[in-house]
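Me: I would like to go through this structure with you, a piece at a time. May I start with the backbone and then move on to helices and charges?

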Amino acid sequence: MGTSGDKIDKMQLRQNYQNLWHTDLMNTIVQDPPYCMLSCLCGPCVSYLLRKRALYNDMSRYVCCAGYMPCSGKCGESKCPELCLCTEVFCCFGNSVASTRFLLQDEFNIQTTACDNCIIGFMFCLSQIACIFSLIACIVGSDELREASQILNLIADLVYCSVCACMQTQHKVEMDKRDGKFGPQPMAVPPLQQMSRIDQPYPSSVGYAPQQTYGYPPPQSHGYPPPQGYPSAQGYPPAGYPPPAYNQGRHPPPSY
């Protein structure tokens with residue numbers, strides 16, 4: 001693992017990602033309603049399956065929290081990765097969802113849109129507000145405040161479960177594209193060292209067009225054709241996506 005300064009620099013580099021998720025959080029329930037419902041009812045089980053799939057079903061690649069936490073690589077993952085992953089998804093469910101998200105974003109240079117950021121930020125803020133209200137109700141001893149805090153905690157829990165379910169469905173749709181379920185050509189499995197993590201120099205562009213310093217997609221005057229089969233920040237969604245057999249709704253590009 002690198003120093004804290006190195007990690008901050010790499011996180012700032014990741015803010016420049018230009019590819020987009022194939023569906024935003026607002027439209028995941030439209031894209032795959034059954035899976036979204038399954039993610040809501042049994043989140044840890046879905047998180048286990050998605051992480052394993054993100055690792056191309058090769059558990060020798062597994063590291064706790066995908067290498068993003070201080071405990072990563074120090075939990076005996078190499079001896080029993082399945083048990084470690086089970087422990088992660090049940091004991092640290094939120095971290096397990098976020099780690100799979102970061103893993104996919106680093107592998108395919110996917111940005112988080114402003115809309116997705118607002119939804120995720122609202123989820124965290126609501127949870128913090130609910131916690132603060134609970135503490136105030138406990139200190140003051142007011143029955144009205146205690147009842148209000150319980151209602152706020154219930155709302156925060158519902159939002160948390162809903163957003164996590166949408167995030168997991170978003171990951172599933174992205175891996176459907178990666179594995180060729182939206183087209184005839186699945187993406188190649190990257191070597192182990194290319195499964196990018198926070199401690200690696202810079203995310204690779206496995207399966208997607210490499211990033212250019214002047215923006216994405218590169219100007220046509222440079223002679224570069226636009227990447228095929230994957231949305232960019234311009235021209236979303238790509239031509240031919242989704243295919244006729246997958247004719248659920250689509251969303252327009254974020255306007256900001």
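Me: Where does Tyr 56 lie?
Reply: Tyr 56 lies in the loop between H4 and H5. Please keep in mind that this is a predicted model.

Me: And what is the phi of Tyr 56?
Reply: The phi of Tyr 56 is near 60 degrees, which is a positive value in a residue other than glycine. Most residues other than glycine have a negative phi.

Me: Is Tyr 56 buried or exposed?
Reply: Tyr 56 is buried, because its relative accessible area is 14%, and buried means under 20%.

Me: Which residue after H6 has a positive phi?
Reply: That residue is Asn 109, which follows H6 and lies in the loop between H6 and H7. Its phi is about 55 degrees, although Asn 109 is not a glycine. Asn 109 counts as buried, because its relative accessibility is 1%.

Me: Back to H4, then. What span should it have?
Reply: Helix H4 covers residues 43-54, and its 12 residues should span 16 Å at 1.5 Å a residue.

Me: Which residues of H4 are buried?
Reply: The buried residues are Gly 43, Val 46, Ser 47, Tyr 48, Leu 50, Arg 51, Arg 53 and Ala 54.

Me: What do those buried residues pack against?
Reply: They pack against four helices: H3 (33-41), H5 (81-91), H6 (93-108) and H8 (143-178).

Me: How many residues of H6 are buried?
Reply: In H6, 12 of the 16 residues are buried, so this helix is mostly covered. Among the buried residues are Phe 93, Val 97, Thr 100, Arg 101, Leu 104 and Phe 108. The cover over the buried residues of H6 includes H4, H5, H7 and H8.

Me: What about the length of H6?
Reply: From its first C-alpha to its last, H6 reaches 23 Å, which is close to the 22 Å expected at 1.5 Å a residue.

Me: Let us go to H8. What does His 171 touch?
Reply: His 171 lies in helix H8. Leaving out residues up to four places away in sequence, His 171 touches Trp 21, Leu 50, Val 97, Thr 100, Arg 101 and Leu 104.

Me: Why does His 171 count as buried?
Reply: His 171 counts as buried because its relative accessibility is 1%, and the cut-off for buried is under 20%.

Me: New topic: charges. How many salt bridges does the structure hold?
Reply: The structure holds 10 salt bridges. Side chains of opposite charge can pair when their charged atoms come close.

Me: Which residue forms a salt bridge with Arg 51?
Reply: Arg 51 pairs with Glu 88, and the closest N and O atoms are 2.7 Å apart. This pair links distant parts of the chain, with Arg 51 in helix H4 and Glu 88 in helix H5, 37 residues apart. Arg 51 is buried, with a relative accessible area of 1%, and Glu 88 counts as buried at 3%.

Me: And what about Asp 179 and Arg 53?
Reply: Asp 179 and Arg 53 form a salt bridge with their closest N and O atoms 3.1 Å apart. Asp 179 lies in the segment after H8 and Arg 53 in helix H4, so the pair ties together parts that are 126 residues apart in sequence. Asp 179 is partly exposed, with a relative accessible area of 29%, whereas Arg 53 is buried, with a value of 16%.

Me: Which network of salt bridges includes Asp 179?
Reply: The network links Asp 32, Arg 53, Lys 172, Asp 176, Arg 178, Asp 179 and Lys 181. Within it, Arg 178 forms a salt bridge with Asp 179, the closest N and O atoms being 2.9 Å apart. Arg 178 is buried, with a relative accessible area of 1%.

Me: Last one, about the surface. Which residues make the nonpolar patch?
Reply: Ile 132, Ile 136, Ile 139 and Val 140 make a nonpolar surface patch of about 400 Å². Of these, Ile 136 has its place in helix H7, residues 114-140. Ile 136 counts as partly exposed, because its relative accessibility is 40%.

Conventions. Residues numbered from 1 in each chain as written. Predicted model: local features only at pLDDT ≥ 70, side-chain atom pairs only at ≥ 80, totals over all residues. Heavy atoms only, no water. Helix = DSSP H or I, 4+ residues; strand = E, 2+ residues; numbered from the N terminus. Expected span 1.5 Å × (residues − 1). Buried < 20%, exposed > 50% of the residue type's maximum accessible area, 1.4 Å probe, protein only. Contact = heavy atoms within 4.5 Å. Patch = residues over 30% accessible without salt bridge, like charges linked within 9 Å, V, L, I, M, F, W, Y side chains within 5 Å. Areas by Shrake-Rupley, 256 points an atom, 1.4 Å probe, with all protein chains shown as cover. Salt bridge = Lys/Arg side-chain N within 4 Å of Asp/Glu carboxyl O.
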